Amino acid sequence: MAPTVTSMEASNGHEVPKVASIKTLADSASFTFVPSEYTYTKNPNEQGDANDPEHSIPIIDFALLTSGSPDQRAKVIQELRRACEEWGFFQVTNHGVPENLMQSMIDACHRFFDLPEEEKKEFQTRNLLDPIKCGTSFNVDIEKVHLWRDFLKVIAHPEFNSLYKPAGYSEVSLEFSKRTREVATEILKGISESLGLEADYIAKAMNWDRGLQILAANYYPACPQPDKAIGIPPHTDHGLVTLLIQNEMGGLEVKHKDQWVLVNAAPGAFVVNIGDQMQILTNDKYKSIWHRAVVNNKATRISIAVPHGPSLDTPALPIPELLEREGQAPKYIGMTYEKFMELQASPAGVRKPCLDHLRVKQN
């Protein structure tokens, strides 16, 4: 069974080209192979490894970052600096967000994906910054290979948006987005201090009080040939920091020292990564790391990535104090966050990494 391409009219009145959801495809009783539209070739030399201790992403103890002694906080700030410099990814434990709230958020998203396709149609749109949007793959209009995932994206800040179905989603997402943003705010303070800046420097420079927060849920059903499909291909995140949770099925791989490392997240931990806006701010000191989502043939994986960025009208530029201290020239030109997100979703952003579009040409 291959997905059919049709067209449909979204709630905004515009026709939206539609590829059948991956859930519809995976639920087919006769489904035993990966259709050609979804066939993705990975480099066989780039397999993930979660068991090598040298390739375990760092762990940051949030409790010591926020309520430890000055000496403990200073130590964690240094660990955070190393994690940002050497990995661009780290786990955050003891963050205070209840595990049952995290699980309830995953369950609520699962219930959304389980809704009949007809009930999800009103949220299908191609508009990048619509408050609520769902769909399949990434951008079926421009991509050569469809991704093995369905998605739901809901903007939770600066204005909170939510779904009225499934039941309970709105209440859970309000609390989860609020608590997650509190954790992200403290992490941002720690990153500022790790750079030798005031704790609120980045937040002020990026207009964090009006910053964008998105709840981005991904649904990856079991795949009969996981080596022939991809959940999300290698990419970097567009924001400042992204916090991620997932169900019991792993699948996040991080590129570290030219190897793909499968992330084994500790129970109840947030997986945090640096985004493109942070790489610009730090003039490449903290890099936005390539990562991908692989699929499995055992069970559905659900992840919820929560990217946090500047306000949409704020351009990120290398921080002058850092440039002066390091004796560096700025490596990037400015672009508002909204324009940067539009670039990432465009054919130009697919052909060449977005940061390369902003990189200052060296004489």
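Trainee: How many salt bridges does a search of the whole structure find?

Mentor: The search finds 20 salt bridges. Please note that this is a predicted model, in which local features need pLDDT of at least 70 and side-chain atom pairs count only at pLDDT 80 or more, while totals for chains, interfaces and linings use all residues. Residues are numbered from 1 along each chain as its sequence is written, and side-chain values use heavy atoms, with hydrogens and water left out.

Trainee: Why is the contact between Asp 114 and Lys 23 called a salt bridge?

Mentor: A salt bridge is a side-chain nitrogen of Lys or Arg within 4 Å of a carboxyl oxygen of Asp or Glu. For Asp 114 and Lys 23 the N to O distance is 3.7 Å, so the pair meets that definition. Asp 114 lies in the loop between helix H4 and helix H5, and Lys 23 in helix H1, so the pair ties together parts that are 91 residues apart in sequence. Helices here are DSSP runs (H or I, at least four residues), and strands are too (E, at least two), numbered from the N terminus.

Trainee: What makes Lys 23 buried?

Mentor: Buried means under 20% relative accessible area, exposed over 50%, and partly exposed in between (1.4 Å probe, protein chains only). Lys 23 has 12%, so Lys 23 is buried. Asp 114, with 43%, is partly exposed.

Trainee: Which residue meets Lys 165 in a salt bridge at 3.2 Å, N to O?

Mentor: That residue is Glu 122. Lys 165 lies in the loop between E6 and H6, and Glu 122 in the loop between H5 and strand E5, 43 residues apart.
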